Amino acid sequence: MTNAAHHLPEESAADEFIPADLADPDDPIDDLSPDDPENFDGDQLDLAERNSLRRVAGLSTELADVTEVEYRQLRLERVVLVSVWTTGSQVDADNAMAELKLLAETAGSQVLEGVVQRRGKPDPATYIGRGKVAELREIVVATGADTVVCDGELAPAQLRNLEDRVKVKVIDRTMLILDIFAQHAKSVEGKTQVELAQLNYLKQRLRGWGGNLSRQVGGRASGGAGMGGRGPGETKLETDRRRINHRIAQLRVKLRELDVTRQTKRANRERNKVPSVAIVGYTNAGKSSLLNRLTGAGVLVEDALFATLDPTTRRSEAQDGREFTLTDTVGFVRHLPHDLVEAFASTLEESATADLLLHVVDGSDPDPAGQISAVRGVLAEIGAGRLPELLVINKTDRADEATLTALRTAHPDAVFVSARTGAGIAELRERVWAGLPRPEAEVAALVPYERGDLINKIHQHGELIDAEHTPDGTRVRARVYPELAAELEPYRSVDA
Ligand SMILES: Nc1nc2c(ncn2[C@@H]2O[C@H](COP(=O)(O)OP(=O)(O)OP(=O)(O)O)[C@@H](O)[C@H]2O)c(=O)[nH]1
Ligand SMILES: [Mg+2]
């Protein structure tokens with residue numbers, strides 16, 4: 001890459017660093033104290049527990065001595081944000097920076113400064129222009145930062161070069177998101193998935209912080225061959241790599257086992273034909289708040305990105321008594337790391353197999369259209385792109401009229417709600433009920449009174465058209481799924 005560097009054009013004057021305006025005076029976030037009784041979020045059952053989990057290092061004891069893996073984690077760091085602004089307007093660039101700031105804060109770090117460089121494309125060697133690296137170093141020194149966070153996914157070489165020159169830890173957006181997930185994941189499955197994604201990502205970016213040991217010239221000779229115990233000549237880098245590979249294999253096995261449990265659960269639901277509704281959407285859009293509104297679930301709601309990492313499923317009932325499930329899911333974000341999408345595949349499958357998607361959008365976001373397309377992108381990636389989708393524009397209490405009008409025009413079928421005030425929730429319920437899949441087969445039967453269980457099943461899983469009590473039992477007409485139709489077969493009326 002030193003070669004490549006010679007061919008790069010000099011920095012032009014137009015490539016100035018633009019300080020990002022990080023202090024947003026009317027930051028809508030500020031008026032959202034969870035202690036405010038107005039902020040109806042249901043019971044926040046596990047808030048305390050969550051807070052106590054915040055800063056626990058995500059890796060198991062087996063990797064405790066892989067110093068680099070720990071080093072890459074972001075814990076209460078003092079950071080400088082850096083982004084290369086290639087396309088789009090200044091507003092887009094500011095929004096992207098504001099989101100990066102939120103992400104960094106969600107990871108527990110303190111943002112000291114943010115700089116944007118306008119540039120045709122990121123420098124292949126150093127991400128920002130090479131002329132700007134020294135300036136970045138100055139900012140780092142002046143602010144006393146210990147970490148630089150770049151808004152993008154950096155190639156291993158870019159990361160290394162920047163780190164060598166800026167002389168503090170450099171993290172990219174992908175690593176940052178992985179780190180947030182690692183801090184927040186609660187279930188065994190979630191933790192395992194995140195750890196796997198982190199290790200996969202880091203594996204290609206290890207640089208051997210054991211200092212000179214890592215750059216041994218003969219190091220290549222041992223690559224790949226002889227995974228067994230190598231002697232004292234083994235470098236720290238190789239040890240790390242070997243341990244990581246070993247750990248990755250372990251995690252894969254564990255995930256496979258966990259997946260079996262999940263599939264059993266899902267198979268049960270499928271057999272019972274309980275329609276499932278998945279609440280999907282951009283992170284912080286208000287998915288959990290909506291689940292709480294719709295079911296009183298008491299899921300944690302927090303003004304933080306990725307508050308929810310473990311899907312919660314609640315049963316609910318349509319007005320005609322039919323049951324369905326509502327699942328709150330992990331939020332999406334622009335450029336969700338691919339490793340992570342892959343790692344979360346089984347969790348996300350919850351959405352991919354749903355009968356209906358409630359796609360929640362934060363109507364008060366500066367760029368709801370961008371959120372919608374980012375979410376649809378991830379949905380397509382996990383094979384949920386063609387499911388029936390009900391677009392729900394949330395936070396109408398806070399969104400400005402112009403944005404709402406634009407959204408109404410662009411999405412005439414969307415439902416406009418506020419999980420906070422409850423506005424539009426009644427309509428949302430009806431739209432959800434109407435969107436549930438309907439059983440096809442219509443049957444007529446005379447069900448004897450001792451088979452009241454069948455009548456109950458019709459109520460729960462089918463649609464009762466009419467019922468009449470006769471001396472011999474209940475005469476019913478109903479739309480039911482094939483399984484229930486088979487159970488009703490012995491009592492079928494011929495005149496149907
Ligand atoms: N003003 C307003 N705020 C809302 C509304 N709905 C949710 N919020 C707030 O938005 C923030 C995020 O809400 P959550 O329900 O946690 O969002 P989420 O989509 O589940 O977020 P993640 O799980 O982090 O992806 C919280 O501070 C909520 O109080 C709304 O209708 N109006
Ligand atoms: Mg949530």
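Where in the protein chain is confidence lowest, and where is it highest? In this predicted model, confidence is lowest in helix α2 (residues 47-53), with a mean of 40, and highest in β11, at 97; the score in question is pLDDT, the predictor's confidence in each residue on a scale from 0 to 100. Residues are numbered from 1 along each chain as its sequence is written, while chains are lettered from A and ligands numbered from 1 in the order in which they are written. Because the model is predicted, local features need pLDDT of at least 70 and side-chain atom pairs count only at pLDDT 80 or more, whereas totals for chains, interfaces and linings use all residues.

**Confidence**

- The protein chain averages a pLDDT of 77, and 73% of the residues score at least 70; the model as a whole scores ipTM 0.98 and pTM 0.70.
- Over residues 24-66 the pLDDT stays under 50, and the model has 54 contacts beyond four places in sequence for this stretch, a contact being two residues whose C-beta atoms, placed from the backbone, lie within 7 Å.
- Residues 209-232 also have a pLDDT below 50, with 19 contacts in the model beyond near neighbours in sequence.
- Where pLDDT is low, the predicted coordinates should not be read in detail.

**Overall make-up**

- The protein chain holds 17 helices and 14 strands, which are DSSP runs numbered from the N terminus (H or I of at least four residues for helices, E of at least two for strands).
- Of its 496 residues, 37% count as buried, meaning that 20 or more other C-beta atoms lie within 10 Å of the residue's own; a residue is exposed at 12 or fewer and partly exposed in between, with C-beta atoms placed from the backbone.
- Among contacts between residues at least 6 apart in sequence, 70% join residues at least 24 apart.

**The six-stranded sheet**

- An open sheet with mixed pairing has its six strands in the order β7-β8-β6-β9-β10-β11, where two strands pair if DSSP finds at least two bridges between them.
- The edge strands, each pairing on one side only, are β7 (312-317) and β11 (415-416).
- β7 runs antiparallel to β8 (residues 323-328) and is joined to it by six bridges, and the bridge partner of T313 in β8 is T327.
- T327 also stands opposite A278 of β6, and β6 and β8 pair in the parallel sense over four bridges.
- On β9, V360 is the bridge partner of G281, within a parallel pairing of β6 and β9 that spans five bridges.
- Strand β6 (residues 276-281) is largely enclosed by the rest of the structure, because six of its six residues are buried; S276, A278 and V280 point one way from the strand, and V277, I279 and G281 the other way.

**Nonpolar cores**

- In soluble globular proteins, nonpolar side chains tend to be buried together.
- The largest nonpolar core has 86 residues, of which L81, A104, V148, V149, L176 and L178 touch the most other members; such a core is a set of buried Ala, Val, Leu, Ile, Met, Phe, Trp, Tyr and Cys residues joined through C-beta atoms within 7 Å.
- Helix α7 (residues 173-184) gives the most to this core, with seven residues, and the core draws at least three residues from each of domain 1 (2-23 + 40-197) and domain 2 (273-435), whose bounds come from an automatic or database domain assignment.
- Leaving aside residues up to four places away in sequence, A104 touches V79, L81, S109, V111, V149 and L176.

**Individual sites**

- For "binding site", an unreviewed UniProt entry lists S288 and T308; such positions are given in the numbering used here, feature names are shortened, and annotations may be inferred rather than shown by experiment.
- S288 is found in helix α10 (residues 287-295) and counts as buried because it has 27 C-beta neighbours inside 10 Å.
- The buried residues of helix α6 (residues 156-166) are Q158, L159, N161, L162 and V166, and their cover includes α5 (130-143), β4 (147-150) and β5 (169-172).
- Just after α6, K167 takes a positive phi of about 65°.
- P366, in the loop between β9 (356-362) and α13 (368-381), is partly exposed, with 15 other C-beta atoms within 10 Å.
- The C-alpha atoms of P366 and D92 are separated by 9.1 Å, although these residues are 274 apart along the chain.
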